[in-house]
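Work through the exercises below with the sequence and the model open. Each task is followed by a solution in steps.

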Amino acid sequence: MSGSAATCMACGGTDLRAVLTIEQAPVLCNLLCHSKEEALESPVAPIDLAYCNSCGHLFNSTFDDGRINYGPDYENSLHFSARFRAYSTALVESLDKRHGLAGKTVVEVGCGNGDFLIELCEASGANGLGFDPSFSGPRPEEGSVRLSTESFFESDQVPQTSLLCNRHVLEHVEDPAGFVAALANKLGAGARTALYLEVPNALYTLRDLGIWDIIYEHPSYFCFESLRRVVAAAGFGELEVEESFGGQFLSCHGSLGSKPGTGTQSLDALNELVEKFALDYEAKVTHWKSVLQDALQSGQKVAVWGAGSKGSSFLNIVDAAGQVEFVVDVNPGKHGKFVAGTGHSIVSPEELRKHPVSTVILMNPIYEGEVRESLDDVCPGAKILVA
Ligand SMILES: [Zn+2]
């Protein structure tokens, strides 16, 4: 692993193996580009995936945090999908049931535009404080929720917190162990704060070949064991780690200052998957390149559905030549924008009425039901292929 970090990003272990290199990926695949030219000039960098034999962590060993700059044009809200909102609502209910949040204070670090925190506080009667430097605001005060662009770690406004939520942040940071330790430290010695942490599940990438989830913004891909270790090392106990969102996420519940949970989990199954992952990855990329070629040669018009991480990866890897007509996304914030790296234009589902396609490549199988329903309305007869 020449030129690579010699230690695991999660546990600091040195027993590593190189897994896969993606020669060039957009540095920020959820960055909205305002023109095709801007999209084509977006910075790119290689991804060198390494695997830690000690804790099962998968990570980009040449990740450079200095390349990343999340600004107001960074857009990754999933709340425009009914399927995702249903997931979010079920999560809100289960967190309230678990913690009885009425009248308590919930802090969310990395709250995005606050959708989740507002829903949680409205449903439970909790008071919320959300931190996110990339939050573009201004957003009116919503009931008992306040949103801040301040850094949580630098804020002197952090109240006594019953529940700390941190969703889809840890996979973005260069030093996840240091980050969770800093969360614990900020809450303070003696705090009895509960934790809810959510990240993408590396097993979904390795087992279900969710290979389009490998993006530069995510230096880390957590498995049960690497996540458990990082959170336990920061002083959180009573840990429960489980799969969620159809296996695509890992959800971790814990409690600061309580006893460390149970022992380690075997990495045998993960080791086997990692062993063959590079071959599986190549086979899947080759398959999709030929699917796309065949479709185009037979005169079909092809669109991709989903302009998030998965859509961006897919297009950068499979269709750098720009043969896919356009990308459809339900998030209005993305319409009229362009995919970083490839310059594909992003349109609303309505656009398919004017510009019908014969094939839609769907980036996330979990949305198939709602996408089929939309297509039946705007582009009946279009075939769905799940990438
Ligand atoms: Zn490790």
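This is a predicted model: local features need pLDDT of at least 70, side-chain atom pairs count only at pLDDT 80 or more; totals for chains, interfaces and linings use all residues.

**Exercise 1. The burial of helix 6**

Task: Determine how many of the ten residues of helix 6 are buried, and what the buried residues pack against.

Solution. 
Step 1. Eight of the ten residues are buried, so helix 6 is mostly covered, where a residue counts as buried if 20 or more other C-beta atoms lie within 10 Å of its own.
Step 2. The buried residues of helix 6 are Phe224, Glu225, Ser226, Leu227, Arg228, Arg229, Val230 and Val231.
Step 3. They pack against helix 4, strand 8 (194–200), strand 10 (236–244) and strand 11 (249–256).

**Exercise 2. The packing of helix 4 on helix 6**

Task: Describe the geometry of the pair formed by helix 4 and helix 6, and name the residues that make the contact.

Solution. 
Step 1. Helix 4 (residues 176–187) and helix 6 (residues 224–233) have axes 8 Å apart and pack at an angle of about 40°.
Step 2. Helix 4 is therefore oblique to helix 6.
Step 3. The two helices, helix 4 and helix 6, cross in a right-handed sense.
Step 4. Helix 4 contributes Pro176, Ala177 and Val180 to the contact, and helix 6 contributes Val230, Val231 and Ala233.
Step 5. Sorted by class, this contact of helix 4 with helix 6 has six nonpolar residues, no polar and no charged ones.

**Exercise 3. Domain 1 against domain 2**

Task: Locate the domains and characterise the side of domain 1 that touches domain 2.

Solution. 
Step 1. The domain assignment gives domain 1 (16–63), domain 2 (82–265) and domain 3 (270–386).
Step 2. The centres of domain 1 and domain 2, over C-alpha atoms, are separated by 23 Å.
Step 3. In their contact, 17 residues come from domain 1 and 14 residues from domain 2.
Step 4. On the domain 1 side, strand 1 (16–26), strand 2 (44–52) and strand 3 (58–60) each supply at least two residues.
Step 5. The residues on this side of domain 1 are 13 nonpolar, four polar and no charged.

Conventions: Residues are numbered from 1 along each chain as its sequence is written. Domain bounds come from an automatic or database domain assignment. Two residues are in contact if their C-beta atoms, placed from the backbone, lie within 7 Å. Helices (H or I, at least four residues) and strands (E, at least two) are DSSP runs, numbered from the N terminus. Ala, Val, Leu, Ile, Met, Phe, Trp, Tyr, Cys and Pro count as nonpolar, Asp, Glu, Lys and Arg as charged, and the others, Gly among them, as polar. Axes are lines fitted to C-alpha atoms, for helices over the stretch in contact, and angles run from 0 to 180 degrees between N-to-C directions. Angles under 35 degrees count as roughly parallel, over 145 as roughly antiparallel, 65 to 115 as roughly perpendicular and the rest as oblique. A crossing is left-handed if the near helix is turned anticlockwise from the far one by less than a right angle, and right-handed if clockwise. A residue is buried if 20 or more other C-beta atoms lie within 10 Å of its own, exposed if 12 or fewer, and partly exposed in between; C-beta atoms are placed from the backbone.
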